[in-house]
Amino acid sequence: MAAASAESRAREIFTTLEYGPVPESHACALAWLDTQDRCLSHYVNGKWLKPEHRNSVPCQDPITGENLASCLQAEAEDVATAAEAARTALENWRGLPGASRAKHLTRLAKMIQKHQRLLWTLESLVTGRAVREVRDRDVPLAQQLLQYHAIQAHTQEEALAGWEPMGVIGLILPPTFSFLEMMWRICPALAVGCTVVVLVPPASPTPLLLAQLAGELGQFPGILNVLSGPASLGPVLAAQPGVQKVAFCGAVEEGRALRRTLAGVGPELGLALGTESLLLLTEAADVDSAVEGVVDAAWSDRSPGGLRLLIQESLWDETMRRLMVRMARLRGGRGLDGAVDMGARGAAAHALAQLYVREAQSQGAQVFQAGDVPLDSPFFPPTLVSDLPPASPCTQAEVPWPLVVASPFRTAKEALALANGTPRGGSASVWSERLGQALELGYGLRMGTVWINAHSLRDPAVPTGGCKESGSSWHGGLDGLYEYLRPLGTPARLPYHSEDLNYETFGLAVPSTLPAGPETGPSPAPPYGLFVGGRFQAPGARSSRPIQDSHSKVHGYVAEGGAKDIRGAVEAAHQAAPGWVSQSPGARAALLWALAAALERRESTLALGLERHGVEPKTAKAEVELSVRRLRAWGARAQAQGHSLQVAELRGPVLRLREPLGVLAIVCPDEWPLLAFVSLLAPALAYGNTVVLVPSGTCPIPALEVCQDMATLLPAGLVNVVTGDRDHLSRCLALHQDVQALWYFGSAQGSQFVDWASAGNLKPVWVNRGCPRAWDQEAEGAGPELELRAARTKALWLPMGD
């Protein structure tokens, strides 16, 4: 009887080809927790830190709810201790030769390899993610990251000459992170000579285990410190002496709030926000492969977030049918089961997905869920949302895991409009067997990472990042290294926060104490208008301000621009952008050289204007000549700029593209009125940006003189120059939602306000914090930092094979 039953079961297995359970023992994870007496604290300066009188939170199995351990929550005192340990370790660590840091990272990679079973078991047990993904992808990639960055550290002195490590780095991670996301950020920081303090959510033991493994290597305690505590400690971490950068990963609104909180605090802020990705499926796609791409992008534990799916109308019915069939075959269950596709992400992720589904249904969407999951189950079924009205709030909201929101499109142009119409710009994939079409769509997507006929590929040598509200920080490749470097000799970032600054009133109105306009007295020359849309025009307020020379005598008038004029200038820049982006690097170079020749012809006039403001004749002549050389130098760089091609293991080539930021607003400093104007304008144009520029407030006339040549040489709207009160115009630019990046060189209070106000659309901001810059020096006036700031990176993957 037993033999007949076994034979029947064997026949059933071969008939259905269903997977049986493949449980992974979690005994090693429990044994490690036992070594800590099931009470996890913080790992600081190479040892466990267990302060008294701290609150604790339970670390639970997300499937069964079993209490695995308790985790102490950090407080401000613990943050200060960790930052001091990192600051103490910094001097020795960054002073080491790159080869010595490389050896240490290689030893850590071997330590991870030795304890890899403990790592993947603990990660799957605590997070609920499928052990197959952690074991086969995350842990090997963590070792590759260490090995790649060890090589980068070894060659740092030559490859990154002219750069130095920032110092102490603070890293804040969200509740939904995987330990791999921490590795992507700590590896480059450690490789270039920085030390790190990581703030992880409560009940996150895997980062603590990694810190322990690093500490057990000895030699350099304090280079990696991990605290367990809420993200609300982020400002406390940023305020610690010596912390030069804070890297934050998490939700968009949390990142926006942190940016406003840290305005003026001192450290640079790097943001990596949101988890949604996009998949664009054309009628020329291999549908079966694309369906598997959807599974990888949203319905596997490889993906941290949901997916927005765009399907060409001719394939809509067939693709939706195949998706629903494939969804029915997905396996959900306990993460430690090796045959499971989807685990559980905890109560918070479950509630977020359920809330989105309810709101989508209330807005008229159709929802298909595979399987019959009980309401009290910790598992959330794979979900497909369709027929969502284009104007509904859920269309613009971020899609959570494990949801796919599908929408149809008719043409490639409409697909790009839909894809680029959301505020997020993280990652996307394009599916088409027509390579030309796929490349055209890949180039047109405003995303940080684009895959062709694949999804979710990662490689340590390939940069990964985003744009728009997804943040502008990068990890992987050289871009990831530059995140933790600064030009050699740059002073440490110090707090410049002003308690007296009123964000509501700063720059709200032009000061009433301005001298009267030309109507009250004789003018030596007609007033200069605003240079907008390729021509000079009167300001909206129909008023002007006098410009005085070094003897306090009026020698000219310039227009008093305002909010209406800024709106017109930004609109003109947007209209000019498509034409300028489509220009070849050679065409941009030719225009910069032509502008340099025009400046050369005006040399005597420009020098005389500078002399009126107290500049010595010899210095004025040198400033004009250097401005001409800067334009020609950036023209040469524009001509030579290209996109780099690299091969990612055996997956095929990856194009590293350098794309324009878009409409770039620049507020120039008062010093070096012509040279600073040219030094900021030239790289912006060389990399394809259109510009709205506020010239020197004390000496704007040289810049306006140059605009007379721009009117005949450059396309209309490419460069727009608005004069007026610096604070008022800076306020208008920072709050403008269609300005896509902002450079500000002015007062400390102005820098703080720009940082705070630009959080509205999370535009990249570069401020001088009230510190002067040596524009006549090559490193500061035309160095590689300007190249990095003037463009953004996009990684375009071109996988090979079937």
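Predicted model: local features only at pLDDT ≥ 70, side-chain atom pairs only at ≥ 80, totals over all residues.
View 1. Cys771 is partly exposed, its relative accessible area being 37%.

**View 2. Cys187 and its nearest cysteine sulfur.** With a disulfide taken as a pair of cysteine sulfur atoms within 2.5 Å, the count for the model is 0 disulfides. Cys187 is accordingly in no disulfide, the nearest cysteine sulfur, that of Cys194, being 13 Å away. Cys187 counts as buried, at 1% relative accessibility.

**View 3. An open sheet of 3 strands.** The strand order is E1-E5-E4, and the pairing is mixed. Strands E1 (39-40) and E4 (56-60) stand at the edges; each has a single partner strand, so one side of each is left without a neighbour in the sheet. Strand E5 (residues 67-72) pairs with E1 in the parallel sense over 2 bridges. Leu40 has Cys71 of E5 as its bridge partner.

**View 4. The largest nonpolar core.** This core comprises 75 residues, of which Leu146, Leu171, Leu173, Met183, Ile186, Val198 and Leu224 touch the most other members. Helix H8 (residues 179-192) gives the most to the core, contributing 11 residues.

**View 5. Contacts of Leu224.** Apart from neighbours within four places in sequence, Leu224 is in contact with Tyr43, Ile186, Val196, Val198, Ala211 and Ala214.

**View 6. A second, separate core.** This core has 59 residues, including Ile547, Leu661, Cys668 and Val706.

Definitions and conventions: Residues numbered from 1 in each chain as written. Heavy atoms only, no water. Buried < 20%, exposed > 50% of the residue type's maximum accessible area, 1.4 Å probe, protein only. Pairing = 2+ DSSP bridges. Helix = DSSP H or I, 4+ residues; strand = E, 2+ residues; numbered from the N terminus. Core = buried A, V, L, I, M, F, W, Y, C linked by side-chain atoms within 4.5 Å. Contact = heavy atoms within 4.5 Å.
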